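Here's a quick tour to read with the model open beside you. Take it one topic at a time and find each residue as it comes up.

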Amino acid sequence: MIDLKGVEIIEIPKITDPRGNLAVIEKDCLPYAIKRVYYLYDVPSDAFRGGHAHKEQLEFLIALSGSFEVVLDDGKTKQRVMLNKPNKGLLIPTGMWRELDNFSSGAVCLVLASDVYEEEDYIRDYNQFLLSKSR
Ligand code: TYD
């Protein structure tokens, strides 16, 4: 169970097949149109990724391969979520601090973002993030 507002685990429709499964993200699966796709791979097991929040953008994270953990923080509550299934993704709403760690060997984190890369959309300083929450 995830108690952070707007955070959701979304099951991606899949077509099971003895030849291999196929998962599809289309139409209304996500509450936004995808404008950017990027992925993290070859991540050392002791590495930390993320460490920021977005002012406007939403992101959907999928462990395409292997596993990793995401610590979500709305400024009051923190919750750790493990992603380890290619057909289940984590929807992260705007204004949510996230940190990614505990990447397994071979893990691939696919990110579907609601907008193109814009550094101005990032809050990378945790104190600034907390300030933005108290406004
Ligand atoms: P960073 O935000 O630190 O990655 P993560 O949050 O996944 O740990 O980004 C690392 C670098 O890559 C930083 O210099 C910004 C750049 N970058 C892009 O140019 N385009 C992108 O779409 C992303 C996600 C990052």
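Let's begin with the ligand: around it sit Arg-36, Tyr-38, Leu-40, Arg-49, Gly-50, His-52, Tyr-117, Tyr-122 and Arg-124, where being around it takes a heavy atom within 4 Å of it. Keep in mind that this is a predicted model, where local features need pLDDT of at least 70 and side-chain atom pairs count only at pLDDT 80 or more, while totals for chains, interfaces and linings use all residues. Residues are numbered from 1 along each chain as its sequence is written, and side-chain values use heavy atoms, with hydrogens and water left out.

**Around the ligand**

- By type, this shell splits into four nonpolar, two polar and three charged residues; here Ala, Val, Leu, Ile, Met, Phe, Trp, Tyr, Cys and Pro count as nonpolar, Asp, Glu, Lys and Arg as charged, and the others, Gly among them, as polar.
- Look at Arg-36: a polar atom in its side chain is 2.6 Å from an oxygen atom of the ligand.
- Arg-49 also reaches over with its side chain, where an N or O atom is 2.8 Å from a ligand oxygen.
- Gly-50 uses its backbone instead, with an N or O atom 2.8 Å from an oxygen atom of the ligand.
- On its own the ligand would expose 530 Å², and the protein buries 60% of that (areas by the Shrake-Rupley method with a 1.4 Å probe; for residues, only the protein chains shown count as cover).
- Strands β4 (36-40) and β5 (49-54) are the elements that each give two or more residues to the shell; a strand is a DSSP run of E, at least two residues, numbered from the N terminus.

- Arg-36 belongs to strand β4.
- Is Arg-36 buried or exposed? Its relative accessibility is 14%, so Arg-36 counts as buried (buried is under 20% relative accessible area, exposed over 50%, partly exposed in between, with a 1.4 Å probe and protein chains only).
- A polar atom of the Arg-36 side chain also lies 2.9 Å from the backbone oxygen of Asp-115.

**Glu-59, a charged residue inside**

- You'll find Glu-59 in strand β6, and with 2% relative accessibility Glu-59 counts as buried.
- Which side chains make polar contacts with the side chain of Glu-59? One is Tyr-38, at 2.9 Å, and another is Arg-98, at 2.8 Å.
- For a polar contact you need a pair of N or O atoms within 3.5 Å; within protein, one must be able to donate a hydrogen and the other to accept it, and residues adjacent in sequence count only if both atoms are side-chain atoms.
- Setting aside neighbours within four places in sequence, the contacts of Glu-59 include Tyr-32, Arg-36, His-54, Leu-90 and Leu-112.

**The nonpolar cores**

- The largest nonpolar core has 20 residues, and Leu-61, Phe-68, Val-70 and Leu-72 have the most contacts inside it.
- A nonpolar core is a set of buried Ala, Val, Leu, Ile, Met, Phe, Trp, Tyr and Cys residues joined through side-chain atoms within 4.5 Å.
- At least two residues of this core come from each of β6 (59-65), β7 (68-73), β8 (78-83), β9 (88-92) and β11 (108-113).
- β7 gives the most to the core, with three residues.
- Beyond four places in sequence, Val-70 touches residues including Leu-61, Val-81, Leu-83, Leu-90, Ile-92 and Leu-100.
- Apart from this core lies another, of 10 residues, among them Tyr-32, Ile-62, Leu-91 and Leu-112.

**Out in the loops**

- Lys-55 sits in the loop between β5 and β6 and, at 44% relative accessibility, counts as partly exposed.
- How far apart are Lys-55 and Asp-121? They are 66 residues apart in sequence, but 5.2 Å apart in space, C-alpha to C-alpha.
- A polar atom of the Lys-55 side chain is 2.8 Å from the backbone oxygen of Glu-120.
- Most residues other than glycine have a negative phi.
- Asp-42, in the loop between β4 and β5, has a positive phi of about 55 degrees although it is not a glycine.
- Asn-102, in the loop between β10 (97-101) and β11, also has a positive phi of about 55 degrees without being a glycine.
- Asp-42 is exposed at 69% relative accessible area, while Asn-102 is partly exposed at 42%.

Note on methods. Helix = DSSP H or I, 4+ residues; strand = E, 2+ residues; numbered from the N terminus. Contact = heavy atoms within 4.5 Å.
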